[in-house]
Amino acid sequence: MCGIFAYLNYNVSRERSYILQVLFHGLRRLEYRGYDSAGIAIDSSSSSPALPAADPEAPQSSASAPLCLHPQPHVFRQEGNIESLVKSVYQEVAPDLDLQESFNIHAGIAHTRWATHGEPAPRNSHPQTSGAGDEFLVVHNGVITNYEVLKETLIRHGFTFESETDTEVIPKLAKYVFDRTTEGEGEVTVTFSQVVLEVMRHLEGAYALIFKSRHYPNELVACKRGSPLLLGVKELTEDGKSVSAFDAFPSANENPKELFLSSDANAIVEHTRKVLDIEDGEIVHLKDGGVSILKFDKDNGELGGVLSRPASVQRALSVLDMEVEQINKGNYEHYMQKEIHEQPQSLKTTMRGRLIRGGSCKAKTVLLGGLKDHLKTIRRSRRILFIGCGTSYNAALAARPILEELSG
């Protein structure tokens, strides 16, 4: 289990120091999801021009754009807890950075890790990169079960790997898709979301992902399959104050706003209560101050060598029913006591987006992301093993007789 977080400010000036604070604080809210290493990625400059690509067959920057690259971002990765990352950035890097530099538009991503593939070390921390130049960066929560096959394929195509993670195949696969799509073209028409859709087509497992790319500056793309992910929206006035009456789903316009992506509402609620629970198979594209949602369809792949363009999905924002104080210990003596008393609400939150009601009250379905592709195998199983330690072991003991009775 890991925590992923992203912050995008649009048409509202934010200094680099403020952006760093938002990213670091978002990670602190998610530290319960992992704390053996952490990392962030931010832009290097708000004013540097796009750089020409090194050769005529190199990837291009954005739809119908000339061959060029946005300046390489700053990527910071550190072993240890989040405070170790904060200390390393401010003590070792900040003297060479202009913390007062302002960004009218900026997209930053962050990650806190609980190691599953590879020891805690900077090379195994996120964001993981597509290679030299950091053309594509990815933060990931979950597991890619077919990463070994993808890794072998990418190595045959000339990619080299530096980490032991399953995640590294994702940004490299994004670069491979982008390079193949734009090869030999005078301009590129493939969108960021199309690249991510094609990447998803090759991934197996449960995951939540946030992509950042030099080819698509000031854009973010997020997607999920079986792992939690939320979008938070905060509309602002021209002087940077929050608009409390904001209810509409954001479309591309010049209105100042801040957008957040997070594994958990804990990292969003202090900024805004307007959120969207991203559903399995959805791709969320943040661009030009707007949010577009596409639905992944594995059967609708490339058509004649051109990446498919799925239709947008219309969704409504919901309101978080929680206070900032709920994140903290509150009146309880310790966090375990708090978690015990919060179990009913935690169960409700866990099932949000998994119990789906159709056109009538009787038309209901249950969506178990990450499991639905394996239901036939589960039904053939002769036994189920619960593996846990400490409190999780006690929970397994309690659940065993209930599951035995329900399943026969």
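In the predicted model, a salt bridge joins the side chains of Glu-83 and Arg-28, with an N to O distance of 2.6 Å. Glu-83 belongs to helix α2 (residues 82-93) and Arg-28 to helix α1, so the pair ties together parts that are 55 residues apart in sequence. The C-alpha atom of Arg-29 is separated by 9.1 Å from that of Ala-265, a residue 236 positions away along the chain.

In total, 16 salt bridges were identified. One of them links the side chains of Glu-198 and Arg-201 at 3.2 Å (N to O). Here Glu-198 is buried, with a relative accessible area of 6%, and Arg-201 is likewise classed as buried at 15%. A further pair is formed by the side chains of Arg-400 and Glu-404, at 3.0 Å (N to O). These two residues are four positions apart in helix α9 (residues 391-407) and are therefore separated by about one helical turn. Arg-400 counts as exposed at 54% relative accessibility, whereas Glu-404 is partly exposed at 44%. Salt bridges with shared partners also connect Arg-14, Lys-234 and Glu-258 in one network.

Asp-36 presents a contrasting case. This residue is located in the loop between α1 (16-29) and β2 (37-42). Asp-36 is buried but has no salt bridge; Arg-113, the nearest side chain of opposite charge, is 4.3 Å away, and a salt bridge requires a distance within 4 Å. A polar contact of 3.1 Å is instead found between the side chains of Asp-36 and Ser-37. Beyond residues up to four places away in sequence, Asp-36 touches Glu-79, Gly-80, Arg-113, Trp-114, Ala-115 and Pro-120.

At the surface, a nonpolar patch comprises Leu-355, Val-366, Leu-368, Leu-371, Leu-375 and Ile-378, which together contribute about 500 Å² of accessible area. Within this group, Leu-371 lies in the loop between β18 (364-366) and α8 (375-380) and is partly exposed, with a relative accessible area of 40%.

Overall, the protein contains nine helices and 18 strands. Of its 408 residues, 48% count as buried. Among contacts with a separation of 6 or more, 71% involve residues 24 or more positions apart. The protein exposes about 20600 Å², of which carbon and sulfur atoms supply 51%.

How values were computed. Residues are numbered from 1 along each chain as its sequence is written. This is a predicted model: local features need pLDDT of at least 70, side-chain atom pairs count only at pLDDT 80 or more; totals for chains, interfaces and linings use all residues. Side-chain values use heavy atoms; hydrogens and water are left out. Patches are made of residues with over 30% relative accessible area and no salt bridge: like charges are joined within 9 Å, nonpolar side chains (Val, Leu, Ile, Met, Phe, Trp, Tyr) within 5 Å. Accessible areas come from the Shrake-Rupley method with a 1.4 Å probe; for residues, only the protein chains shown count as cover. Buried means under 20% relative accessible area, exposed over 50%, partly exposed in between (1.4 Å probe, protein chains only). Lys and Arg count as positive and Asp and Glu as negative; His and the chain ends are not counted. A polar contact is a pair of N or O atoms within 3.5 Å; within protein, one must be able to donate a hydrogen and the other to accept it, and residues adjacent in sequence count only if both atoms are side-chain atoms. Contact means heavy atoms within 4.5 Å.
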